[in-house]
Structure formats: structure tokens, C-alpha cells
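Here is a short briefing on one model. Keep the sequence and the 3D view open as you read.

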Amino acid sequence: MTRPFVVLPLILAGLALAGALSGLMIGYVPYGPGAVVSGLLGIGDPVVTAIVREVRLPRTLLALEVGAALGIAGAALQGLLRNPLAEPGLIGVSSSAALGAVVAFHFGLMAWADWALPATAIAGAAVTTLILLLIGRRLPGTLPLILTGIAVSSLAGALTSLALNLAPNPFALNEMVLWLMGSLKDRSMDHVVLALPFLLVGGGILLAMARGLDALTLGEETAQSLGVHLLRQRVGVVTGIALVVGAAVSVSGAIGFVGLVVPHMLRPFVGHQPSRLLLPSALAGAALVVVADTVARVLPTNQEVMVGVVTALLGAPFFLGLVLRSRRMTP
Amino acid sequence: MSGLEITSLSVRIGARRLVDAASLEARRGMITGVIGPNGAGKSTLLRAVAGVVPHTGTLRLDGVPLPRPGGRARARLIGYLPQDHGVHWPVSVRRMVELGRLPHLGPWRSLSGADTEIVEAALARTDSAGLADAAVPTLSGGERARAMLARVLATRTPVLLADEPAAALDPAHQVGVMTVLREEADTNQRVIVVVLHDLSLAARVCDRLVLMEAGRVIRAGAAETVLGATDLERVYGVAFSRGHVDAMPVVTPVIRPPSGGGGGGWIDRDAGGA
């Protein structure tokens, strides 16, 4: 009875690992698995070691982190809102993180410190989370949460447009626009380390909320009668999502569709149980982004294609196919 | 007293009092029915006891005050079967019934062997074992009602609240659901509280009845006494014809307005009596 729920995460973890390995192997200069492993261990050719460790490894690790964050956040939000169309961007955390990053570009804060960009992005996500929690405390229910998210998203979107509009110079504008598309290009180990604590804490909070998400399958009142504290559940899920998505957007920009498609794809394999969807969604999200990023790197274009563009290009038709194929779920 | 004791329970939403200082007793080993017209506060009363809506007043089980609403301690004592049978994901019946064990699980702990046995027993009790692997949205109304009943039985709480458990069910399923509740009262000495609209069904399966009007409890007592009283017509605003068919009480509304005396009392119309 419990076996399929162990097998699926193992398969997905294997996929993510294979994706990561191929991400390390594939590039401008392709390496074999042996060269990659000796490069990682630092026992081979110093050039190979430098490329694998300094260039490809941070990027691959970051792709895994970002994908896992988007996957688990999507699964948790869909469970909380009991809606398969929910997406981490819905509650406005991603757009505020993006706004924070654009502000950093606008004022050229990166000249001052390397970590200024992710820091302002995380600050943007944090402000939105506080707004969501304050409003959620005064107005219970999921509808105020969604409406607040939409309002904050549009405000952040408008302010982002304003920052683009008033860009100090064409280079800044170019940087902002490209960043908004979502990319993992030219990231260092600093980014990996910066995002990690947020991902671990946020992911831990979301996993702790898993049982409440299951109870919510029966509606809010029945969940409450089963001992689920609704406010605590909502605060936990929103905080967890804000931490992981805020951190992911801060280091990679906005990468769409992963948080929407991945949980949706895996749901039938876990018996539609929200709690059992969280970990597999994180693993599958990691695998998807690492593969999408490898595809983005090797596409023969004169400028590198942004990974956010790749996930949307792959995700949208796939999602459409799923919608067309799926039968009606509820009577 | 052995059972659930509700003293001056009130539920207010804004300026409206949905339940107004309601006091009643529901004993162990008995089915207590809550009757009254739409909007009398029956469902709200149940939701308050379940800890789903905030309330004032005191609640005691076997003389001990109930833990605060919305916590796991309360959930381990009070099982609640709401009227709407909404399930948001197409989970299987077994997974859904397993949710009944949630109040008893420690954090990060999964179902133990004992939990699984309780779940299987609840499925068997409600005749749902054959449906265990079916997705809940694919069930018929009767199957779904049985599965939902299995879910609340799996909580193994000393108090079981059911809001219209027999509504929209065919006669056989109505009898089936009420028989299971009867057995829970008799063999496990649970406190069973049900909201019912079908007064004949209430007369037949409930030991005691509580009549509510506009948020207040206006009469409580043995089923036949409450149903036989004249204020039943006043509260419902319709005349009732009372009688017995094959020694079973029957209470049905009549179309004509209440005659002079205003109804009340039982007329025996036993089979072969005429």
C-alpha cells in the first residue's frame, strides 16, 4: 500500500540526478561522465575542474534548487486553495521579488555589493508576505488571500513597469528585461548558498503542513473538526511558499509554469493526495528546471535563450494537452 | 451525568444570534435528534459543538469541560459529519476514511497497524469495503453517504454529530445509515446527536428529541412527547397528522390549516384498526 509512494520519489530523484549530471556534461565543450566526476573531485585536468566546478556546478545546483522550490510551492498552494489551477505566482510573492530585483537594477545596487540583487528581491517577497499575513489575520478565508495576492501582484507589476519606464540607461533596461524572463546564466556558488537556507526552512514548513492539506480535501469545516487549525495552516503555507519562491525568484528571475504543471502532472500518481504530492513535486520540479536550463544553454541561438522562456514553451503546450486529455474530475 | 451537557450555548455572527442560550443534554447510548424548521439554528448548534464556529457557553462531556474549539484535543472527542459531502480531490474512499484518524496521529507519524484496522472496520461497518479503492467523486449519492459515515466512524470519538445523515437517501439507505448510528449508541455507548428533517424518521430512531426555534431550544424530552406537543404546529407553521403504522410512529404534515384545537396528540391508526 505504501510502496508506490516510496518508489515515485526515488524515480524522480534519479531523474533529477541524471538531469544534473547531463547538465554538468553538456555545454560549449562536452565532457564525459568520467571527466565530470574527476572534475568535481578536483583530480583531473585543471581546466575541466575549473569549468565543471566554477561554471557548470553552481548553475546546475541553482537549477535544482529553483525547480524544487517552484514544484513544492505549487503543490502546497494547490492543496491549500483546493484548486489545480493555483500557481505560486498567484499570491504575489514572485512579482514582488521581481520588483525588488528590478529596483536593484534601477539604482545600480550591484555595483555596491554582489548580493544586493538577491537581497532586495527577498526583501520584496518578505514585504508581500507580511501584507498577506496581516490581511489574512483580519479576514479569514482563502478568497481574501487570493484577492490580496492579485492586488499585490498588479501593484508590483505596475511598479516594475514604472522602473522599466524610467530606466536610467538602455543597458539597465536590457538587463532588467532579460532578468525578468528568468535565467540561471552567470550565477555563482554565492547564489546557491544564499538561497539554500530559505529553501530548507520554507520546504520544512510546507512539509509540516502536509497533513492539514490532506484534511482540507474534505473542506475547511471538516478539516477544522479533525483538529486542523485553519489560520495556522494558512499562515504556515503562505510563509513556506514565500520563503522558497522568494528565494528562487531572487536568484533566477521569474520562471513560469513549473509550479503549475508539475503538481498537476504528478497528482494521479499519488492518488490525488495533497500531502504525498509535496516531495515528488519538489523532485520533479528540480529535474524539469535542470533539463530546461541545459536545453536553454545548448540551443544554437546567437544569444542564450532564457530558461523561463524554455519552461513556458515546453509547459504551455504540454499543459494544454493535459487539459484536453483529462476527463472531468468531479461530477 | 454520563454524556454531553450543553449549557447556554450561543453563537453570534455580527448582530445575529444564530443560537441563543441553548441548553440540552445528550446521553451516552442514546440517539438525540435535533428538529426544527429551516433557520432554527440546528446545524449551527452542531457546528459549535464540533468547534467549527466560535461560541459562548459551556460544554461538558461526562462532567468534564470540553477542550477549546479548533484543537486536536477537541477533535479526539467530537466527530462531525457535515451535511455537504464535498471532496475537493478525487481521492479513493480508503484515503478519505483514513482522514478520520488525523486527530489521533502525532505530527510526522503515519498510520499505525491499529489505525488501519479501525479504518477497515469502519469500511466494513458501512458496507463500503467493496468501494475502498473507488474515487469518491465516482460514487453514487448513497455510496458517498456511507463512505462519509465510515470516515466519521473511523474517528472513534465518544461523541458523534451528524447533520442530516439521511437526507437525499433512498429508504433502504436511510435505514442503513440510521441502523449504524443505532448500533454505535447501543454497543459503543457513544453520544449520538443528529439533525433530522424527516419527523417520522426522528420519531422512529431517536430516543430523545430537542425542538429548536429561532436559535432557542423550546422543548426537549422523549421523542413521542416532543412530537406530540401542540407547539410543533406553531413552530413549523403547518398542521401535522400523527399516528402509528404497524406500531411505528408517523408524523406527516397535512395541507389543510390546523383546525380549532390546533392539532397535537396521537391518533392510533394501527394496521387493521379500521
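With which side chain does the side chain of A:Ser95 make a polar contact? The partner is the side chain of A:Ser153, at 3.4 Å. Bear in mind that this is a predicted model.

**Around A:Ser95**

- A:Ser95 has its place in helix H4 of chain A.
- Set aside the neighbours within four places in sequence, and A:Ser95 is in contact with A:Ser153, A:Ala156 and A:Thr160.

**Where chain A and chain B meet**

- On the chain B side, 36 residues are in contact with 35 residues of chain A.
- Together the two chains bury about 2800 Å² between them. Carbon and sulfur atoms carry 62% of that area.
- Which residues of chain B lose the most area to chain A? They are B:His88, B:Trp89 and B:Arg95, which together make up 29% of what that side buries.
- Several elements of chain B give two or more residues to the side that touches chain A. They are helix H1 (42–50), helix H2 (72–75), strand E6 (78–81), helix H3 (93–98) and helix H5 (141–153).
- H3(B) gives the most to that side, with 4 residues.

**The salt bridge between the chains**

- How many salt bridges cross the interface of chain B and chain A? The rule finds 1.
- The side chains of B:Arg47 and A:Glu221 meet in this bridge, at 2.6 Å from N to O.
- B:Arg47 is partly exposed, with a relative accessible area of 23%.
- A:Glu221 also counts as partly exposed, at 27% relative accessibility. Values under 20% would count as buried.

**Salt bridges over the whole structure**

- Over all chains, the structure holds 22 salt bridges.
- For the bridge between the chains, B:Arg47 lies in helix H1 of chain B and A:Glu221 in helix H10 (residues 220–225) of chain A.
- Within chain B, the side chains of B:Glu184 and B:Arg190 meet at 3.1 Å, N to O. Are these two residues buried or exposed? Both B:Glu184 and B:Arg190 are buried.
- Another salt bridge in chain B joins the side chains of B:Glu233 and B:Arg242, at 2.4 Å from N to O. B:Glu233 and B:Arg242 are buried too.
- In chain A, salt bridges that share partners link A:Arg59, A:Asp293, A:Arg297 and A:Glu304 into one network.

**Aromatic pairs**

- The count comes to 2 aromatic pairs over all chains.
- One pair is A:Phe105 and A:Trp179. Their ring centres are 6.3 Å apart and their planes stand at 65°, so the pair is edge-to-face. The reason is the cut-off: planes over 60 degrees apart count as edge-to-face.
- What does this pair tie together? A:Phe105 lies in helix H4 (residues 93–106) and A:Trp179 in helix H7 (residues 170–181) of chain A, so the pair ties together parts that are 74 residues apart in sequence.
- A:Phe105 and A:Trp179 are both buried.
- B:Tyr236 and B:Phe240 form a pair in chain B. Their ring centres are 5.5 Å apart and their planes are at 85°, so this pair is edge-to-face as well.
- Both B:Tyr236 and B:Phe240 are buried.

**Two glycines and a helix**

- B:Gly36 is found in the loop between strand E3 (31–35) and H1 of chain B.
- B:Gly36 is buried, with a relative accessible area of 0%.
- Beyond its neighbours within four places in sequence, B:Gly36 is in contact with B:Lys42, B:His197, B:Leu211, B:Met212 and B:Tyr236.
- B:Gly36 and B:Ile218 are 182 residues apart along the chain, yet their C-alpha atoms are separated by 9.8 Å.
- In chain A, helix H2 (residues 33–41) has A:Val36, A:Ser38 and A:Gly39 as its buried residues.
- Just after H2(A) comes A:Gly42, which takes a positive phi of about 75°.

Notes
Residues numbered from 1 in each chain as written. Chains lettered and ligands numbered in written order. Predicted model: local features only at pLDDT ≥ 70, side-chain atom pairs only at ≥ 80, totals over all residues. Heavy atoms only, no water. Phe/Tyr/Trp six-rings, centres within 6.5 Å; stacked < 30°, edge-to-face > 60°. Buried < 20%, exposed > 50% of the residue type's maximum accessible area, 1.4 Å probe, protein only. Contact = heavy atoms within 4.5 Å. Buried area = accessible area lost by both parts, 1.4 Å probe. Salt bridge = Lys/Arg side-chain N within 4 Å of Asp/Glu carboxyl O. Polar contact = N/O pair within 3.5 Å; in protein donor to acceptor, adjacent residues only side chain to side chain.
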